[in-house]
Amino acid sequence: MPRTSASRLVGMLFVGVLATTVTGCGSDTPTDELVSKLELSVQADEKAAPRTGSLSCPGTKAKDRDICAALDVVAPKVFEPVPVDQACTAIYGGPRKATITGTYQEEPVSAVFTQENGCEIARWNQIKPVLKGLGLTS
């Protein structure tokens with residue numbers, strides 16, 4: 001059965017789409033993603049030695065990529081301090097303190113997390129998956 005021009009065109013179109021799809025999937029290396037490099041420190045109390053860790057996003061290992069994804073859910077807003085005039089519940093969550101410095105998506109970061117009141121506990125709970133993923137807190 002002879003092929004018509006239309007069937008040849010459909011065949012060439014299919015091969016072109018397939019080639020484009022395959023070449024688009026060829027690399028695990030991100031190209032246009034913004035880079036984040038953070039240094040993290042958690043202290044159980046004032047007398048305890050800090051536990052420290054580093055995070056580079058996008059990560060090269062699956063675990064790092066998962067931690068970066070958890071960070072992307074809450075950042076950059078989580079790095080902002082609680083507004084001075086915000087009413088917060090008078091709940092003390094404990095003496096733990098976390099410090100994060102570096103860059104998030106190439107923007108400078110310098111944030112401190114405590115559990116001094118309800119607002120700070122809420123911020124702590126937002127960043128906790130990142131701290132836990134790095135083994136800095138339970």
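In H2, the residues Ile67, Cys68, Leu71 and Val74 are buried, where buried means under 20% relative accessible area, exposed over 50% and partly exposed in between, with a 1.4 Å probe and protein chains only. Seen down the axis of H2, these buried residues fall within an arc of 120 degrees, so they line one face of the helix; the arc is that of the directions from the helix axis to the C-beta atoms. On the other side of H2, Asp66 and Val73 are exposed.

A word on the background: this is a predicted model, in which local features need pLDDT of at least 70, side-chain atom pairs count only at pLDDT 80 or more, and totals for chains, interfaces and linings use all residues. Residues are numbered from 1 along each chain as its sequence is written, and side-chain values use heavy atoms, leaving out hydrogens and water.

What lies over the buried side of H2? The cover includes strands S1 (36-43), S2 (51-57) and S3 (94-104), along with helix H3 (118-133). Helices (H or I, at least four residues) and strands (E, at least two) are DSSP runs, numbered from the N terminus.

Now let's follow strand S3 to Arg96, which is partly exposed, with a relative accessible area of 24%. The side chain of Arg96 makes a polar contact with the side chain of Thr137 at 2.9 Å; such a contact is a pair of N or O atoms within 3.5 Å, and within protein one must be able to donate a hydrogen and the other to accept it, while residues adjacent in sequence count only if both atoms are side-chain atoms.

Technical notes. Contact = heavy atoms within 4.5 Å.
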